[in-house]
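I opened a new page for this structure.

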Amino acid sequence: VCAVNIFYDDLGNDCLSLAKKLNTNISVIKQSACCGAACYYNGKQSQAVNSAKKVSTQIEQYDEVIFLDPHCQHMIERDYFELAGIDLNAALVDAGSYFLKKIDKNKLKPLNKKITYHHPCHLLRGLKTSLILESFIKEIEPKFVNLNESDKCCGFAGSYSIMHKSISKKLVEKKVNNIVDTDAEIVITACPGCIMQIQGFIQNKGLNIKVMHFVSYLNEILGG
């Protein structure tokens, strides 16, 4: 996942740490290309096809592949066949859902802080697993607070936030205002893009609210 490799290596390390705690062996794919989403969604189809062929060749070496970014997973699952006739045999799974199946809830230590959750668009509407993550947090954290319009886009949407800055800013401003209204200390989501967008606005406003990926959250509550 490009966002993890370039911006959030700590998230990648949290994923590996969590896998180790759960006695799960994970191999890290050395990406030879982006999944192609940025090219595809901006009309550069030939470049997207080239990326898809490179990525699919690597993915097909595995029976199961987990993703820390639902945007990439959704692109590969939904668009590769139409784009390049690629029909993958490997099972693709978002990392949060994957690890939840291996978690023993009796071994978890809640953060016991005021926490809320933002639904990433691709995870909620595309992969349809975001509600599972939110339900888990609600069950574990006694101070969980529901976020108003938690299913509304934060305004990132990849290159959309660059090409349509004014709209993107309005969306993230409304998102953060809703987060502030919860009085939450931590907002959890499951998409590096959402983290970048929400965290960036929070920092610019000088707010003391932590933004976490769901996998980092699991790693923390599982302890050492």
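Which cysteine sulfur is closest to the sulfur of cysteine 35, and how far away is it? I looked it up: it belongs to cysteine 72, at 4.1 Å, which is too far for a bond. The model is predicted, with local features needing pLDDT of at least 70 and side-chain atom pairs counting only at pLDDT 80 or more, while totals for chains, interfaces and linings use all residues. Residues are numbered from 1 along each chain as its sequence is written, and side-chain values use heavy atoms, leaving out hydrogens and water.

I then checked cysteine 34. Its sulfur has its closest cysteine sulfur in cysteine 2, at 4.1 Å, again too far for a bond. I searched the whole structure for disulfides (pairs of cysteine sulfur atoms within 2.5 Å) and got 0.

Next I took accessibility (buried is under 20% relative accessible area, exposed over 50%, partly exposed in between; 1.4 Å probe, protein chains only). Cysteine 35 is buried at 7%, and cysteine 34 is partly exposed at 30%.

I turned to the sheet. Its strands are DSSP runs of E, at least two residues, numbered from the N terminus, and two of them pair if DSSP finds at least two bridges between them. The sheet is open, with 3 strands in the order 3-4-5 and parallel pairing. At its edges I noted strand 3 (115-117) and strand 5 (210-213), each pairing on one side only. Strand 4 (residues 186-189) pairs with strand 5 in the parallel sense over 4 bridges. In strand 5, methionine 212 stands opposite isoleucine 188.
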